[in-house]
Amino acid sequence: MNTAPIDNALELLEKEEYVLAEAALREILRRKPDCTSAQIGLGDLFFATSNYEAAEKTYKGIIENSRSNSDAFFGLAATLRVSERYPEAISYYEQAFKIEPDRTDAYWEIAYSKEMVGDLAGAEADYRKCVLDNPSNSMAQHLLAALRGDPTDRAPEKYVSELFDDYAAVFDRELIGELSYCVPQQIERQIKKVLFDNKATQTVLDLGCGTGLVGETLVGLVSSIDGVDLSPKMLEVAGTKRIYTELFEADFESFLGNRKLGKKEYNIVVSGDALVYCGKLDTVSSGVFERLASGGVFCFSLEEAQSLDYQLQRSGRYSHSSHYVNKTLNACGFVPWMEKSIVPRTDGELDISGKLYLFKKH
């Protein structure tokens, strides 16, 4: 049997050359409609490109013809999970694990689904299974810590990059359309207030730039904007908007500590809803201070904690107290300029309590 066509198609899919991969897979299925590998490949392609309706239909079609194909069951379960149909997802995960019990790296997925329906004991048990067999699975590690309320200082880099890689294709639509995300406009208003006559010479560093939602609001106000993010797929989307002078795939601390990356100094540093994946803020704050020009400003948003300095929440994000933020940035040499209560986003019917801060370097 000649496996070259399907191998080539799956290689294109692995390289994320989705248009070519889809054409190749459809040609295989035209010639051999019962080619299960091509059917799975097409389902995986739909999932990767956020076409969840087509992915669900494809995986279900495979399952109708074969009740023993674990890839189809896992694929369908994941599709239902990201579509927030958690009870259905749990059912298909359970069937998938009966077929392939050794795929323990997927236990975090059923654990997360159980957490979303309120089965916290079941979720914790499955997160533990995942971590036990897969100690490097940062998704399971972080979500287990968040569920238990363990004190950690920051989210693992791999967790952040994988989380936002998966979210990149639908990030703008869901964040703005469904979660009422308003941080970019809040930052824009504050930056307008602190810009003076030399607007055309102002340079901006966007920490955790994501797809460029904050950068889009500032592009007409300043001379240049550089962006930093851990997610290559988010950076890919940001690059298509042509608003950044340079984009860097790096964690904040590595970028800030290396003056060979980007400009040696910036007039403005902004961070919209990105520092929520850092608990301890002292290193990133001192790094920003060092990369700011004299008189420069640092404007950022955080979720608000009422008591502890910072706390890992069930969402996997950190909240910070106003006392801790001011104490930490004052220690770096910043002067507080503005502090404002905001609702950065919604979570279902719940308004998230947040703060927008602006500090100045004298």
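This is a predicted model: local features need pLDDT of at least 70, side-chain atom pairs count only at pLDDT 80 or more; totals for chains, interfaces and linings use all residues.

Trainee: Which residues of α7 are buried?

Mentor: They are Y107, W108, E109, I110, A111, S113, K114 and E115.

Trainee: What covers the buried residues of α7?

Mentor: The cover includes α5, α6 (86-99), α8 (120-133) and α9 (138-148). Just after α7, G118 has a positive phi of about 95 degrees.

Trainee: Next, a single side chain. Where is R81 placed, and is R81 buried or exposed?

Mentor: R81 belongs to helix α5, which spans residues 70-82. The cut-off for buried is under 20%, so R81, at 11% relative accessibility, counts as buried.

Trainee: Which side chains make polar contacts with the side chain of R81?

Mentor: For polar contacts, one looks at N and O atoms within 3.5 Å of each other. The side chains of R81 and Y93 are joined by such a contact of 3.0 Å. A polar contact of 3.4 Å links the side chain of R81 to the side chain of E109, and E109 is one of the buried residues of α7. Leaving out residues up to four places away in sequence, R81 touches Y86, A89, Y93, W108, E109, Y112 and S113.

Trainee: Now the strands. How do β2 and β3 pair?

Mentor: For a strand pair, read the sense and the number of bridges. Strand β2 (residues 224-229) and strand β3 (residues 246-249) are parallel and share four bridges. Within this pair, G227 stands opposite L247 of β3. The chain passes from β2 through α14 to β3, a β-α-β crossover that is right-handed.

Trainee: Why is β4 described as largely enclosed?

Mentor: The reasoning is again a count of buried residues. Five of the six residues of strand β4 (residues 266-271) are buried, so the rest of the structure largely encloses this strand.

Trainee: Which strands are joined to β4 by bridges?

Mentor: Strand β1 (residues 203-207) runs parallel to β4, with three bridges between them. In that pair, D206 has V270 of β4 as its bridge partner. Strand β5 (residues 292-304) is also parallel to β4, and five bridges join these two. There, V269 is partnered by F298 of β5. The path from β4 to β5 goes through helix α16 (residues 282-291), and this β-α-β crossover is right-handed.

Trainee: What should I look for in the loops?

Mentor: Look for positive phi values. R242 has a phi of about 55 degrees, positive although R242 is not a glycine. R242 sits in the loop between α14 and β3. D273 is another non-glycine residue with a positive phi, near 60 degrees, and D273 lies in the loop between β4 and α16.

Trainee: Are R242 and D273 buried or exposed?

Mentor: R242 counts as exposed, at 76% relative accessibility. D273 counts as buried, at 11%.

Trainee: Last, the aromatic rings. How many aromatic pairs does the structure hold?

Mentor: There are 16 aromatic pairs. To classify a pair, compare the ring planes: under 30 degrees apart counts as stacked. The rings of Y357 and F359 have centres 6.2 Å apart and planes at 25 degrees, so this pair is stacked. Both Y357 and F359 are buried.

Trainee: Which residues form a cluster through ring pairs?

Mentor: F289, F298, F300, F334, Y357 and F359 are linked in this way. Among them, F298 is also the bridge partner of V269. A charge can be read against a ring too: the charged end of K361 sits over the ring of F289, 4.6 Å from the ring centre.

Notes. Residues are numbered from 1 along each chain as its sequence is written. Side-chain values use heavy atoms; hydrogens and water are left out. Rings of Phe, Tyr and Trp (its six-membered ring) pair if their centres lie within 6.5 Å; planes under 30 degrees apart count as stacked, over 60 as edge-to-face and the rest as tilted. Buried means under 20% relative accessible area, exposed over 50%, partly exposed in between (1.4 Å probe, protein chains only). A charge sits over a ring if NZ of Lys or CZ of Arg is within 6 Å of the ring centre and within 35 degrees of the ring normal. A polar contact is a pair of N or O atoms within 3.5 Å; within protein, one must be able to donate a hydrogen and the other to accept it, and residues adjacent in sequence count only if both atoms are side-chain atoms. Contact means heavy atoms within 4.5 Å. Two strands pair if DSSP finds at least two bridges between them. A crossover is right-handed if, with the strands pointing away from the viewer, the path from the first strand over the helix to the second runs clockwise.
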